[in-house]
Amino acid sequence: MRFALATIAAISLSGCGWFVLEDQSTSPESSPADDELALPRAEQPAQCPSEGAAVQILGSGGPIAEGGANARAGTSYLLWIDGEARLLIDAGSGSFLRFAQAGASIADLDAILLTHLHADHAGDLVDVLNSGGFEGRAEPLAVIGPDGAPRFPGTREFLTRLLGKQNGAFSYNGGYLDGTENKPKLQVTEVKTQGGAGAVEGLFGPGDIAATAIPVNHGAAPALGYEIHVGDSLLFITGDQNAFSETFDGMITATRPEIVFAHHVINGEDGQPRGLHRTPAEIGQLAGLAKAKRLVLTHNMERSLSRIESGLEAIGASYDGPVSVADDLDCYAL
Ligand SMILES: [Zn+2]
Ligand SMILES: [Zn+2]
């Protein structure tokens with residue numbers, strides 16, 4: 001979005017209209033301040049295409065409310081097929097507004113997939129549902145998410161605490177739990193995560209979409225990544241995970257996915273919260289393991305973006321494919 005880096009390598013990808021960064025070090029008039037950095041960003045269409053499949057990033061940020069040029073919603077993605085938003089993946093803080101800006105509708109969704117229940121991934125879920133309650137959808141709506149652990153309710157309990165008619169914080173929306181009051185019933189699937197060692201779980205398909213939940217290690221938080229097949233395209237969404245996510249490594253190895261969406265939360269320096277997240281070097285190792293055709297960095301934060309040059313270098317040690325940094329509402333056609 002917003003910065004210019006002097007020496008970043010040109011990044012291109014055929015068939016997807018990728019933005020090629022120019023070396024701006026030779027253009028004094030346009031030289032940025034020394035503390036500004038260029039982010040390699042894919043060229044963006046005016047909106048996601050109305051035909052074919054695309055992934056739109058509703059929220060490209062993290063848990064810290066960062067202002068100015070780095071203001072981003074928390075994690076959220078949409079999978080579009082032929083102009084309909086079919087999957088909502090996470091609904092982090094701020095994604096309610098992005099969901100509306102994207103023109104998505106609860107009525108069109110096949111399912112909501114949750115990677116985990118940190119607020120920057122699920123904080124706006126109740127708002128998205130609240131808005132969807134005005135659409136009059138009758139068909140049940142699948143919700144997939146992780147099981148529980150100390151201090152983390154499982155997905156079913158999480159929804160009950162939010163929406164339950166007896167004791168829910170927003171009990172007036174309790175119709176979502178039993179399909180009454182003109183609300184679609186939420187059909188919840190909880191996936192056993194076991195600190196990333198749980199079994200993978202096929203969710204739905206065959207059809208035009210098939211998805212598999214993959215347990216990952218995200219410290220104390222039960223967490224999932226997702227493998228999604230859309231037609232002939234294969235995608236992986238890492239969710240928040242650290243490098244002790246062997247099940248995910250096994251699933252992604254040599255699959256040649258079209259895109260790996262990886263969460264770029266920390267830089268590689270000391271003092272970063274390594275118990276929860278992959279470093280840029282570890283993201284590069286994952287993308288290299290997958291032989292991914294593209295790597296998209298999202299869940300971006302100031303602490304990771306401010307060192308984007310060293311981050312890209314660390315990624316490049318293990319991965320030589322194209323890398324782009326996502327912004328809110330970016331769209332990646334498949
Ligand atoms: Zn998290
Ligand atoms: Zn997060």
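In the hairpin formed by β8 and β9, 6 residues lie between the strands, and G219 takes a positive phi near 65°. This is a predicted model, in which local features need pLDDT of at least 70 and side-chain atom pairs count only at pLDDT 80 or more, while totals for chains, interfaces and linings use all residues. Residues are numbered from 1 along each chain as its sequence is written, and chains are lettered from A and ligands numbered from 1 in the order in which they are written.

Strands are DSSP runs of E with at least two residues, helices are runs of H or I with at least four residues, and both are numbered from the N terminus. Two strands count as paired if DSSP finds at least two bridges between them. Strand β8 (residues 209–216) pairs with β9 in the antiparallel sense over 8 bridges. Here T212 has E227 of β9 as its bridge partner. On pairing with strand β10 (residues 233–237), β9 is again antiparallel, over 5 bridges, and E227 stands opposite F236 in β10. The hairpin of β9 and β10 has 2 residues between the strands, and G231 takes a positive phi near 55°.

A residue is called buried if 20 or more other C-beta atoms lie within 10 Å of its own, exposed if 12 or fewer do, and partly exposed in between, with C-beta atoms placed from the backbone. In strand β9 (residues 223–230), 7 of the 8 residues are buried, so the strand is largely enclosed by the rest of the structure.

Next comes an open sheet. Its 7 strands follow the order β6-β5-β4-β3-β2-β1-β14, with mixed pairing. The edge strands, β6 (186–191) and β14 (331–333), each pair on one side only. Neighbouring strands are turned by 20° against each other on average, direction ignored; axes are lines fitted to C-alpha atoms, for helices over the stretch in contact, and angles run from 0 to 180 degrees between N-to-C directions. Strand β5 (residues 141–146) pairs with β6 in the parallel sense over 6 bridges, and V143 stands opposite V188 in β6. Helix α4 (residues 155–163) packs on the sheet, touching β5 and β6, and its direction makes about 140° with that of β6. Contact means that the C-beta atoms of two residues, placed from the backbone, lie within 7 Å.

Finally, helix α3 (residues 125–132) has L125, V128, L129 and G132 buried. Seen down the axis of α3, these buried residues fall within an arc of 95°, so they line one face of the helix. The arc is taken from the directions that run from the helix axis to the C-beta atoms. The buried residues of α3 pack against α1 (95–101), α2 (119–122) and α5 (175–178).
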